[in-house]
Amino acid sequence: MAEIEKRDALRNDVKQEESVDYRLLAEQMKALAEDVDWEISNLSNASALLYQTLPNLNWAGFYLYRNGRLELGPFQGRTACTVISMGKGVCGTAAASDRTLVVPDVHRFSGHIACDSASNSEIVIPIHRDGKLYGVLDIDSPAFDRFSEEDKAGLEEFVGAVEGLWTAAYS
Ligand code: SME
């Protein structure tokens with residue numbers, strides 16, 4: 001292993017040991033959204049909050065359900081594909097089945113859409129509004145097996161906080 005790879009692997013290990021206070025993260029999201037009446041502002045801050053707080057990510061953002069497919073929403077990270085058909089890739093599969101998908105190795109997920117070749121693992125969580133699919137939260141990591149059961153539960157709680165914003169001030 002080259003020195004630089006060793007250094008990065010070590011750094012990744014150290015980062016993975018830091019655990020995230022997901023309850024606090026959900027509270028921070030609610031505070032950021034106070035008096036905000038446009039959902040895009042909130043989704044933009046949500047993606048930034050996740051990206052700056054969770055260690056070891058290369059992409060965090062939203063695909064929104066529009067025109068019978070997923071379309072790129074607010075995100076942090078490298079430029080990404082703008083349209084994902086329902087049932088395609090990790091995002092389209094999670095959306096179509098309406099279930100959270102944790103993929104420890106995206107290279108083993110048949111049909112994975114590689115927007116950024118740095119991604120090695122991924123979590124996708126469906127989001128609802130008025131009981132219907134609104135979109136998905138998609139988070140990618142350069143580390144394999146980045147998302148634990150604790151991350152899954154914490155991020156589902158975060159999505160719950162985002163869903164709770166619909167009832168607030170949106171016009
Ligand atoms: N990996 C996703 C595509 C979106 S990008 O990662 C931002 C997928 O297979 O659904």
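Me: Let me start with a single residue. Which residues does Val136 touch, not counting those up to four places away in sequence?

Reply: Good place to begin, and keep in mind that this is a predicted model. Val136 touches Phe62, Tyr63, Leu70, Cys91, Ala94, Ala95, Val124, Ile125, Pro126 and Ile127. Val136 itself sits in strand β6.

Me: Is Val136 buried or exposed?

Reply: A count of neighbours settles this one. A residue is called buried if 20 or more other C-beta atoms lie within 10 Å of its own. Val136 has 28 other C-beta atoms within 10 Å, so Val136 is buried.

Me: How many residues of β6 are buried?

Reply: The count for β6 (132-141) is 8 of the 10 residues, so the strand is largely enclosed by the rest of the structure. For the protein as a whole, buried residues make up 33% of the 171 residues.

Me: Let me step back to the overall layout. How many helices and strands are there?

Reply: The protein has 5 helices and 6 strands. Along the sequence they follow the pattern α-α-α-β-β-β-α-β-β-β-α. Contacts tell you how such a chain folds back on itself: among those with a separation of 6 or more, 55% join residues 24 or more positions apart.

Me: What is the order of the strands in the sheet?

Reply: The general idea is that strands of a sheet pair through backbone hydrogen bonds, either parallel or antiparallel. Here the 6 strands form an open sheet in the order β3-β2-β1-β6-β5-β4, with antiparallel pairing. β3 and β4 stand at the edges with a single partner strand each, so one side of each has no neighbour in the sheet. From one strand to the next, the twist averages 25°.

Me: How many bridges join β6 to β1, and how many join β6 to β5?

Reply: Between β1 and β6, which run antiparallel, there are 6 bridges. Ala60 stands opposite Ile139 of β6. On the β5 side, 9 bridges link the two strands, again antiparallel, and Val124 has Asp138 in β6 as its bridge partner. β5 and β6 also form a hairpin with 2 residues between them, and Asp130 in that turn takes a positive phi of about 55°. Further along the sheet, β2 and β3 run antiparallel and are joined by 3 bridges, with Leu70 opposite Ile84 of β3.

Me: Which strands does α3 lie across?

Reply: α3 lies across β1, β2 and β6, and it runs at about 55° to β2. Helix α5 (residues 149-164) packs on the sheet as well, touching β4, β5 and β6, with its direction at about 30° to that of β5.

Me: At what angle do α2 and α3 cross?

Reply: Two packed helices are described by the angle between their axes and the distance between the axes. For helix α2 (residues 22-32) and helix α3 (residues 39-53), the axes come within 10 Å and cross at roughly 145°. The crossing is right-handed. Leu25, Gln28, Met29 and Leu32 of α2 make the contact with Asn45, Ala46, Leu49 and Thr53 of α3. By class, the residues of this contact are 5 nonpolar, 3 polar and no charged.

Me: Now the ligand. Which residues around it are the closest?

Reply: The ligand is surrounded by 14 residues, the closest being Gly89, Val90, Cys91, Ile113 and Cys115. Sorting that shell by class gives 8 nonpolar, 3 polar and 3 charged residues.

Me: Which element gives the most to the shell around the ligand?

Reply: α4 gives the most, with 3 residues. α4 (89-97) and β6 each supply at least two residues of the shell. α4 is also mostly covered, with 7 of its 9 residues buried: Gly89, Val90, Cys91, Gly92, Thr93, Ala94 and Ala95. These buried residues pack against β1, β2, β3, β4, β5 and β6. Just after α4, Asp98 takes a positive phi of about 55°. That brings us back to Val136, whose contacts include Cys91, Ala94 and Ala95.

Technical notes: Residues are numbered from 1 along each chain as its sequence is written. This is a predicted model: local features need pLDDT of at least 70, side-chain atom pairs count only at pLDDT 80 or more; totals for chains, interfaces and linings use all residues. A residue is near a molecule or strand if its C-beta atom, placed from the backbone, lies within 6 Å of it. Helices (H or I, at least four residues) and strands (E, at least two) are DSSP runs, numbered from the N terminus. Ala, Val, Leu, Ile, Met, Phe, Trp, Tyr, Cys and Pro count as nonpolar, Asp, Glu, Lys and Arg as charged, and the others, Gly among them, as polar. A residue is buried if 20 or more other C-beta atoms lie within 10 Å of its own, exposed if 12 or fewer, and partly exposed in between; C-beta atoms are placed from the backbone. Two residues are in contact if their C-beta atoms, placed from the backbone, lie within 7 Å. Two strands pair if DSSP finds at least two bridges between them. Axes are lines fitted to C-alpha atoms, for helices over the stretch in contact, and angles run from 0 to 180 degrees between N-to-C directions. A crossing is left-handed if the near helix is turned anticlockwise from the far one by less than a right angle, and right-handed if clockwise.
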